[in-house]
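Please prepare a short briefing on the structure shown below.

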Amino acid sequence: MLILNRRPRRNRVSAGVRDMVAEHSLSVNDFIFPMFVQEGKDIKVEISSMPGIYRFSLDQLLVEIEDVVAHGIKSICLFPNYPESKKDAVGSESYKEGTLYLNALSEIKNKFPELVVMTDVALDPYSSDGHDGIVKDGNILNDESVEVLVKMSVAQAKAGADIIGPSDMMDGRVGAIRQALDAEGFTHTSIMSYTVKYASAFYGPFRDALESAPKFGDKKTYQMNPANVKEAILEAELDFEEGADMLMVKPAFSYLDVIKTLKENFPLPITAYNVSGEYAMIKAAAQNGWIDGDKAMMEMLISMKRAGADIILTYFAKDAARLLS
């Protein structure tokens with residue numbers, strides 16, 4: 001028999017021991033659940049590329065949120081789907097009084113005051129060009145776009161948003177939004193910046209959900225190159241100095257090293273956005289019987305916690321909450 005002083009397997013001998021010595025754990029408190037709202041009434045439409053995820057009219061969204069809250073989920077991030085008839089070159093619908101998205105935020109906060117509601121700040125849902133900023137002669141205009149993003153952010157705060165989520169990757173937008181929110185008296189409204197948002201192939205199903213794919217070109221002049229991590233530190237330093245309260249890495253699973261890098265270098269909560277393509281891959285493989293979907297889901301989510309994520313924005317939130325309850 002081997003004479004071994006150290007046998008690591010003793011700490012794996014049973015489920016009880018394994019749980020006791022686990023270095024990281026998942027909680028429903030970690031999750032933000034992305035949800036989609038569209039115009040109309042009595043509408044619940046499944047997104048074909050995201051099985052189990054739906055677009056809702058506001059009346060049905062409020063019903064669904066009741067179920068979300070019943071699962072113990074304490075935060076959602078709301079995204080709007082607008083018809084082409086409401087879109088223009090400067091995204092003016094984004095801050096218009098009485099628009100669908102702002103009404104939805106108000107209704108949600110009125111009915112669920114304890115729910116933490118995060119918003120999306122970018123022009124693509126409202127832009128006839130499908131880009132996150134204003135387009136001129138094929139170029140994305142940074143400073144002019146920031147002016148619209150500021151108006152959008154203030155309007156969302158007035159509607160009751162708890163967390164503003166600028167997802168556009170325009171330079172300087174966090175500082176401009178923070179200054180405007182404070183000037184309007186919204187010093188309590190947080191900014192969760194999409195600090196490190198890569199030009200990724202994993203966003204396809206999300207663009208199906210919003211019907212907001214760019215009408216030309218790509219987003220590589222403002223979203224980051226997947227090859228870069230030092231640049232992520234620069235982006236995080238800027239957002240930190242400009243007043244962001246939380247820093248996000250998007251996508252998550254292919255960028256665990258970036259999550260870890262931000263966690264080790266910045267004293268702010270780090271969010272991982274477990275994006276639509278990551279969700280769709282697991283769902284598709286599970287539907288084909290190639291993997292155990294629940295186990296793969298939980299393994300993916302715990303990898304984000306292990307990398308350093310404090311918060312996980314994930315379409316798996318309800319499924320994971322069910323297993324964690």
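A search of the whole structure finds one cavity of 30 Å³ or more. A cavity is a set of points, on a 1 Å grid over the protein atoms alone, where a 1.4 Å probe fits but cannot get out. The model is predicted, so local features need pLDDT of at least 70 and side-chain atom pairs count only at pLDDT 80 or more, while totals for chains, interfaces and linings use all residues. Residues are numbered from 1 along each chain as its sequence is written, and side-chain values use heavy atoms, with hydrogens and water left out.

**The largest cavity**

- About 110 Å³ of space lies in the largest cavity, where a volume is the space filled by probe spheres set on the grid points, which are joined across faces, edges and corners.
- The largest cavity is lined by 13 residues, and D124, K197, F206, K219 and K250 are the closest to its centre; a lining residue has an atom within 4 Å of a point.
- Seven charged, four nonpolar and two polar residues make up this lining. Asp, Glu, Lys and Arg count as charged, Ala, Val, Leu, Ile, Met, Phe, Trp, Tyr, Cys and Pro as nonpolar, and the others, Gly among them, as polar.

**The largest pocket**

- The largest pocket has a volume of about 390 Å³; a pocket is an open set of points with protein on both sides within 12 Å along at least five of seven lines.
- Its lining consists of R18, D19, A22, E23, H24, S25, L26, M298, E299, I302 and R306.
- The elements that give two or more residues to this lining are α1 (15-21) and α10, and the largest share, four residues, comes from α10. Helices (H or I, at least four residues) and strands (E, at least two) are DSSP runs, numbered from the N terminus.
- By class, the lining of the largest pocket has five charged, four nonpolar and two polar residues.

**Packing of two helices**

- Two packed helices are described by the angle between their axes and the distance between the axes.
- The axes of α10 (residues 293-307) and α11 (residues 317-324) come within 11 Å and cross at roughly 100°. Axes are lines fitted to C-alpha atoms, for helices over the stretch in contact, and angles run from 0 to 180 degrees between N-to-C directions.
- Helices α10 and α11 are therefore roughly perpendicular to each other, a term for angles of 65 to 115 degrees.
- In α10, D294, M297, M298 and L301 meet D319, A320, R322, L323 and L324 of α11; contact means heavy atoms within 4.5 Å.
- Six nonpolar and three charged residues, with no polar ones, form this contact.

**Backbone features in loops**

- The peptide bond from K250 to P251 is cis, with omega near -5°, and P251 is found in the loop between β10 (246-250) and α8 (256-265).
- D42, in the loop between β1 (31-38) and β2 (44-46), has a positive phi of about 55° although it is not a glycine.
- D42 is exposed, with a relative accessible area of 61%; exposed means over 50%, buried under 20% and partly exposed in between, with a 1.4 Å probe and protein chains only.
- D137 lies in the loop between β6 (134-136) and β7 (139-141). D137 is not a glycine, yet has a positive phi of about 55°, and is exposed at a relative accessible area of 73%.

**A buried histidine**

- H131 lies in the loop between β5 (116-118) and β6 and counts as buried at 1% relative accessibility.
- Leaving aside neighbours within four places in sequence, H131 is in contact with L123, D124, I140, P214, F216, D218, K219 and Y222.

Technical notes: Parallel < 35°, antiparallel > 145°, perpendicular 65-115°, else oblique.
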